[in-house]
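Thanks for coming, everyone. Let me put the model up and walk through its side-chain contacts.

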Amino acid sequence: MMSPQITPIADTAQDLELAERILTPDGTRIANPQLDAFVDDIDAASLRALHRDMIILRRIDAEGVALQRQGQLGLWAPCQGQEATQIGTARALAPQDYVFPSYRETGVIYARGAKPGDYVRMWRGEEGAGHDPASLRVAPLQIIIGAQTLHAVGYALGIRHDGADEVAVTYFGDGATSQGDVNEAMIFASSYQAPVVFVCQNNHWAISEPVSVQSQYPIAGRAPGFGIPSLRVDGNDVLACMAAMRWALAHARSGKGPAYIEAVTYRMGPHTTADDPTRYRKDDELDAWRRRDPIARVEAHLRALGELSDDHMAETQAAADVVAREMRAECLGMVTRPPLSVFDGVYAEPHTGLDRQRGEYAAYLASFEGEA
């Protein structure tokens, strides 16, 4: 694999054209010498399964937004438009690999086997982790920008020490690449040849700041400066994303050290439900990226092959609706734990300092008794 051409980025259209792809925006499959060998086993049935995953993910995402708007969740971080990046890369993982996500990787935890309640529990404020990290092999969603990259490298150093057949994978956005944590993680990964894959989802906006302010050159071009090979792919092409991840995982698993993927995609919705993108983003930019929709791209390709039936579409939508209904039911049925339970499980053994803090918090809560 060759690292990306280091050419200044002039606009988002050029940004996408510089990325490797297999499916064009209109669904045409093209030859790609770098990527084709990594997805030569993906037939029409496999592609329909990826398409199904992306539709279900988009429905989960829409339900999360609706639940937040209805006051059932404190916040939601939408991933509409980024389905191909998340599903394509996550479906390439081996069961034993361990993921360290940011707060937007709903599709990754879905692909790793999350249950309906797992998507909302943390955003409702019920648990520190919405899912069981041990069973999914996915660390809790990370709110601190870029911190998960250090966690991934630390875990990867443990993998190397143990000689285990695992790879640590970490996801982050374009804005996180300006954080010191991300750069420090890359230094350690390179210096110690840690088996870790860095996945940058370049969705073009770090809240209200465009990626052109973060970096005037392709972000994947930074990795070779740390001694890490990188690949820049069209993040709206699910096949390219899967191929890139398979390349990166093979590289890391073979003892060659870390690898880096920049997936060029687009955040169709707000940064979170607390954000209003109409204040900083132009409608024509959003319209241009809607024409590159990752789900529509796969549908166009499958229809051209004669491999997308109305029955498949109906079954997929019905499955997505079932997940959304179960997710809503789980959310509405959650019972908040007593406030003092926040101290449960902090230490394995009783701790006098914790007992003192529990007593102080109990007194604080008691001070509100009798208030209207």
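Which residues are linked in a network of salt bridges? They are R59, E63, D321 and R328. A salt bridge here is a side-chain nitrogen of Lys or Arg within 4 Å of a carboxyl oxygen of Asp or Glu.

Housekeeping next. This is a predicted model: local features need pLDDT of at least 70, side-chain atom pairs count only at pLDDT 80 or more, and totals for chains, interfaces and linings use all residues. Residues are numbered from 1 along each chain as its sequence is written, and side-chain values use heavy atoms, with hydrogens and water left out.

Back to the charges. The salt bridge count is 21. Among them is E83 with R58, closest N and O atoms 2.8 Å apart. E83 is in helix α3 (residues 83–90) and R58 in helix α2 (residues 44–69), 25 residues apart. Helices are DSSP runs of H or I, at least four residues; strands are runs of E, at least two; both are numbered from the N terminus. E83 is buried, at 0% relative accessible area. On terms: buried is under 20%, exposed over 50%, partly exposed in between, with a 1.4 Å probe and protein chains only.

Next, R232 and E262. Their closest N and O atoms are 2.7 Å apart. This pair links strand β6 (residues 230–234) to strand β7 (residues 259–264), 30 residues apart. R232 is buried at 3%, and E262 is buried at 0%.

Now D165 and R253, at 3.8 Å between the closest N and O atoms. D165 lies in the loop between α6 and β2 (168–173) and R253 in helix α9 (residues 238–253), so the pair ties together parts 88 residues apart in sequence. D165 is partly exposed at 46%; R253 is partly exposed at 29%.

On to the rings. Phe, Tyr and Trp (its six-membered ring) pair if their centres lie within 6.5 Å; planes under 30 degrees apart are stacked, over 60 edge-to-face, the rest tilted. That gives 13 aromatic pairs. Take Y98 and Y155: centres 4.9 Å apart, planes at 35°, so the pair is tilted. Y98 lies in strand β1 (residues 98–100) and Y155 in helix α6 (residues 147–162), so parts 57 residues apart in sequence are tied together. Y98 is buried at 13%, while Y155 is partly exposed at 28%.

One more group to find on screen: F343, Y361, Y364 and F368 form one aromatic cluster.
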